[in-house]
Amino acid sequence: NDVHGKNHHRRGTFGCHVESFTLLRSDGKTHRCSATDNARLFSATIGGMGLTGLILSASIRLMRVHSLDIVERVTPFRDLCEFFDLAAAADQANEYAVAWIDQLAGGRNSGRGLLLTGNHAEHGSHAASRAGGNFSVPVQPPFNVLNRPFLTAFNAAYRWRKSRATVPRQAGYQGFFFPLDGVRDWNRLYGPKGLFQHQSVVPEQTAREAVPALLAAARQAGQGSFLTVLKRFGSIRSPALLSFPRPGYTLTLDFPNRGAATLTLLRELDRITVEAGGAVNPYKDARMGAEIFASSFPEWQRLEALRDHAFMSDFWARTAKRLDTRRGSVEAAE
Ligand SMILES: Cc1cc2nc3c(=O)[nH]c(=O)nc-3n(C[C@H](O)[C@H](O)[C@H](O)COP(=O)(O)OP(=O)(O)OC[C@H]3O[C@@H](n4cnc5c(N)ncnc54)[C@H](O)[C@@H]3O)c2cc1C
């Protein structure tokens, strides 16, 4: 998967840092792939969702940092207009930038949130501390705990606690990069049915209408997202054939799985995204339809052409293979 971090605006995707890899295909042959050797397989495999063969080894470029600590600054914003006005300058000034949105806040508070920016501290820890917080969810409750009243109270408390920090704070990287892991086994809070994550990206030109529309659709459906994150992607091109990150704004919403009601909402979010000229993230998907995938990745057939035919996934069968079969039937009818 061509994953991204909170510094996409400066460093691009993971794929931008892959120098080469060795790929084993089901015919037993191995291929060394890089931007110059087997370049088509190289770009198809990055973001290729495991469909082009088995990567045996890879050479990736890392970034040197002064320390493992992050200096974090929290800037509250009243609404999305204020966020959009802050975002580009925040990206320019900081290695990391991401916004947390109070997704359930409606009326004049809708779109309020916190812009979290960070940079590696010049002087700080050089030893990784133990991951995982002091709290844990020891057992899985038989139902979803993250209901609307809980989330409303949680969001208010989170916003209050974070916005008290009016000066930059230096702390270990775990809390900045992996806030959820402050509570061990946090995923159990969703109950046995788990969660769906919806991540969309929309171009800069349509973001000021599309992002509020996505948030409003979720609110109107009465569905609360535990963690709602908004980030501006930069314009560094990935070598990947099918790369989700692209210039614009990406919104990520985590919904407890409430069955048909949640699936209906997710389809509505897909529709808003595609109408705004955007894309839905396939790397985290468990239910996207073929048309949404085709609109998000019009060049999907180029990956299908390079797919190792012994490799298949639920996702590819549900999207690309279905489109392929339909295309075949139309050609046969003609
Ligand atoms: C809490 C949380 C936060 C997240 N935050 C982000 C985020 O900020 N940004 C982001 O982009 N994503 C994010 N993700 C998504 C996640 O990081 C990606 O989907 C990532 O690719 C998962 O990698 P994995 O190796 O753990 O998963 P896996 O499912 O093991 O692998 C991911 C893909 O790579 C393929 N693959 C694995 N091994 C090989 C191999 N040897 N050869 C060929 N193909 C292989 C698999 O088939 C699969 O398609 C988040 C996920 C979670 C749970």
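Good morning, colleagues. Please keep in mind throughout that the model is predicted.

I begin with the cavity. How many cavities of 30 Å³ or more does the count give? The count comes to one, and the volume of the largest cavity is about 40 Å³. Its lining is made up of Phe83, Ala87, Ala90, Asp91, Ala97, Val98, Leu115, Leu230, Lys231 and Arg232. Which of the elements supplies the largest share? Helix 3 does, with four residues. In terms of residue class, seven of the lining residues are nonpolar and three are charged, while no polar residue takes part.

I turn now to strand 1, which covers residues 18–24. Strand 1 pairs with strand 3, residues 54–60, in the antiparallel sense, and six bridges join the two. Within this pairing, phenylalanine 21 has alanine 58 of strand 3 as its bridge partner.

Strand 1 also pairs with strand 2, residues 30–34, again in the antiparallel sense, here over five bridges. Strands 1 and 2 form a hairpin, with five residues between them. Which residue in the turn has a positive phi? That residue is glycine 28, at about 90°.

To close, the two items to locate in the viewer are the cavity lined in part by helix 3 and the hairpin of strands 1 and 2. Thank you.

Conventions: Residues numbered from 1 in each chain as written. Predicted model: local features only at pLDDT ≥ 70, side-chain atom pairs only at ≥ 80, totals over all residues. Heavy atoms only, no water. 1 Å grid on protein atoms, 1.4 Å probe; cavity = no way out; pocket = protein on both sides within 12 Å on 5 of 7 lines; lining within 4 Å. Points joined across faces, edges and corners; volume = space filled by probe spheres on them. Nonpolar A, V, L, I, M, F, W, Y, C, P; charged D, E, K, R; others polar. Pairing = 2+ DSSP bridges.
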